[in-house]
Amino acid sequence: MSYNSLLTYGDFIPLSITCNVNKLFEEVKDFSFQKYNPRKPHIKRNGLSITSLDGKLNGIDLDSIKEYNKENGTNYDELSFKEFTEVYHSSSEIQKIVKPFKEHIGRSHLLMLAKGGYFPPHRDLPVYVKEQNSLRILVPLMGCNPPDLYFMYEDKPLHFDHGRAYFLNTNKSHSLFSMRGSLMIVLNVKANEEVYKIIGDHFQTT
């Protein structure tokens, strides 16, 4: 199966992978969120790393990887950040979400948007990239539906079940704007046949 074959099932696919949101919050409550993309301090976004380059927190995984590479002559991509942090090891609920994809995991984190936090319309696969090397799994945790958060996918707002994992084809235009504050998990996972099968085996059927 190819990535395009996976997309024949849809661009937005709910999965049977779930977590207990309240338990997860309790497990990570002592960790401090850090600025997400500190190059844009005016945008109210913070992250908490599930994986990083070396397993430590406060690393470059929450920075703009593209701009960091340009400044430092490096060639990191989403799959370079695969060492689990203390956040992962402290949360059985995060481990439950990650488990099906554990051998294929890349840059992953909790993402918090404060009131007024946003991502402008964008696509996660640049037009000059010919091969899909990673894909996106989202787990909305809190305040991720209208009117709290407008997650616009092309011209439509998405609606989520909090605590459920979703595959989302983020090659298409999407944007986010938080009206009241929101929290979600973002997993980047290697795009390969085994992962496509894992996603297929976890389609939500009810």
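Which residues does leucine 135 touch, not counting residues up to four places away in sequence? In this predicted model, where local features need pLDDT of at least 70 and side-chain atom pairs count only at pLDDT 80 or more, while totals for chains, interfaces and linings use all residues, leucine 135 is in contact (heavy atoms within 4.5 Å) with Tyr3, Phe167, Leu187, Asn188, Val189, Ala191, Val195, Tyr196 and Ile199. Residues are numbered from 1 along each chain as its sequence is written, and side-chain values use heavy atoms, with hydrogens and water left out.

Leucine 135 is also among the residues with the most contacts inside the largest nonpolar core, which has 36 residues, the others named being Ile94, Phe101, Leu110 and Ile137. A nonpolar core is here a set of buried Ala, Val, Leu, Ile, Met, Phe, Trp, Tyr and Cys residues joined through side-chain atoms within 4.5 Å, and buried means under 20% relative accessible area, against over 50% for exposed and partly exposed in between, with a 1.4 Å probe and protein chains only. A second, separate core of 17 residues includes Tyr36, Cys144, Phe151 and Tyr166.

The sheet can be described next.

Asparagine 169 lies in the loop between strand 11 (164-168) and strand 12 (174-178), and at 3% relative accessibility it counts as buried. Its side chain is joined to that of tyrosine 3 by a polar contact of 2.9 Å, a term for a pair of N or O atoms within 3.5 Å of which, within protein, one must be able to donate a hydrogen and the other to accept it, residues adjacent in sequence counting only if both atoms are side-chain atoms. Not counting residues up to four places away in sequence, asparagine 169 touches Tyr3, Leu7, Asp11 and Tyr153.

Conventions. Helix = DSSP H or I, 4+ residues; strand = E, 2+ residues; numbered from the N terminus.
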